[in-house]
Amino acid sequence: MNNELVSREFNSQIKKIKSDKYSGSVRVLNETISALYNFLVKEKDLPEKELIYLMQTSIKSVVEIHNQFSALDHFYHEAVLSMEDFIEKRNKLSEDDPEKPSLQNYLLGITADYINKWKNVNRKIAALVYSAYDFKDKTVLIHSNSNTILALFEYLKEQDVYPDIIQTEARPKYEGRILAEHLTGMGFKVNMIVDAAMVKYLTKVNIALIGCDCIFPDFFINKIGSMPLALGCQRMKVPLYVLADSRKLSKQTQIKSEKRKTAGEVWHTSLQGLHIENYYFETIPNELISKLITESFAIDGNKISNQFDNLIS
């Protein structure tokens, strides 16, 4: 495959990732890393300026589009800071130094290391959730679509534990259907409900599960509909577990506002005087969480703020 075709393939993958409105943050991150790694493997002897542009522009553009996904931001800043440090140290070497390493090989190395470091993170979360809660003969409510939650049910299947599932559709993109297809394909019984019915069905469940896209000291960000679910769980005394890997913890104080999404996703109409609001994400206070479970710890929601510095270190 020649360089032009490789570049075209990479740009096409990046464009597809940027337009993805269905996947959670970890899937988007994994697809971004995979596209970068494959590009670095296939494209030979890339000029350094092109590599720097690739990281600071192409990869950054994915981060800016999916600006609610802190796991993406985690990888980008870790990779870019590491790249800049590498360039600074390497530039101190003599031009004719035979040991002078290439930036492309370095980026390949840190990308491979990153993939290896995080490849089993969802399974680690699943094992911790399984040890924290007995799912046998239970009914679970799930909102939206999450790779982390899917990994939990893959783990439950391995343990021969099959709780009943109530799954929201997750409007406006209906990505709850994606998770429902995976779960039914694994042998779980799934009842699909409209988002507005979630509180009604809390009377029928033992626990509610959601993923999240970013966690701050006092609140977290997740798919729209998570706030009424959290309030409903509090009212109905149903435990709400949030499953997320530790890359989603963030100390940022400035959060970019989400851009309003296409009105036609809600209703295709030309009614005069009608204004349609369509957003994908919302913030939820951490105090509404029963437990936040990552790959390395489980913590009550009302304790996150005071212990945040220790959790993120």
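These legends walk through several close-up views of the predicted model shown above.

Residues are numbered from 1 along each chain as its sequence is written. Because the model is predicted, local features need pLDDT of at least 70 and side-chain atom pairs count only at pLDDT 80 or more, while totals for chains, interfaces and linings use all residues, and side-chain values use heavy atoms, with hydrogens and water left out.

**View 1. The largest pocket and its lining.**
Let's start with the largest pocket, whose volume is about 620 Å³. A pocket here is an open set of points on a 1 Å grid over the protein atoms alone, where a 1.4 Å probe fits, with protein on both sides within 12 Å along at least five of seven lines. Its volume is the space filled by probe spheres set on the points, with grid points joined across faces, edges and corners. The lining has 36 residues, where a lining residue has an atom within 4 Å of a point. Nearest the centre of this pocket lie Asp20, His66, Phe69, Tyr280 and Phe281. Two or more lining residues come from each of α2 (25–42), α3 (48–65), α7 (147–158) and β6. Helices (H or I, at least four residues) and strands (E, at least two) are DSSP runs, numbered from the N terminus. The largest share, three residues, belongs to α2. By class, the lining splits into seven nonpolar, 15 polar and 14 charged residues. For this count, Ala, Val, Leu, Ile, Met, Phe, Trp, Tyr, Cys and Pro are nonpolar, Asp, Glu, Lys and Arg are charged, and the others, Gly among them, are polar.

**View 2. The second largest pocket.**
This pocket has a volume of about 310 Å³. It is lined by 18 residues, and Val63, Asn67, Asp73, Gln252 and Lys256 are the closest to its centre. Helices α3 and α4 (70–90) are the elements that give two or more residues to this lining, and α4 gives the most, with four. The lining residues divide into seven nonpolar, seven polar and four charged.

**View 3. Lys223 and its surroundings.**
Look for Lys223 in strand β6 (residues 219–223). Lys223 counts as buried because its relative accessibility is 6%; buried means under 20% relative accessible area, exposed over 50%, and partly exposed in between (1.4 Å probe, protein chains only). Leaving aside residues up to four places away in sequence, Lys223 touches His143, Ser144, Ala170, Arg171, Pro172, Glu175, Asp213, Tyr280, Phe281 and Glu282, a contact being heavy atoms within 4.5 Å.

**View 4. Backbone features at Ala170, Pro172 and Lys237.**
Most residues other than glycine have a negative phi, and most peptide bonds are trans. Here, a cis peptide bond joins Arg171 and Pro172, with omega about 10°. Pro172 sits in the loop between β2 (164–168) and α8 (176–185), and Ala170 is also found in the loop between β2 and α8. Ala170 has a positive phi, near 65°, and counts as buried because its relative accessibility is 0%. Lys237 has a positive phi too, near 60°, in the loop between α10 (226–236) and β7 (240–243). With 74% relative accessibility, Lys237 counts as exposed.

**View 5. Nonpolar cores.**
A nonpolar core is a set of buried Ala, Val, Leu, Ile, Met, Phe, Trp, Tyr and Cys residues joined through side-chain atoms within 4.5 Å. The largest one has 63 residues, and Phe135, Leu152, Phe153 and Leu209 touch the most other members. Helix α4 gives the most to this core, with nine residues. Not counting residues up to four places away in sequence, Phe153 touches Val140, Ile142, Pro163, Ile165, Leu183, Met186, Phe188 and Leu209. A second, separate core of 28 residues includes Ile166, Cys212, Val242 and Leu311.
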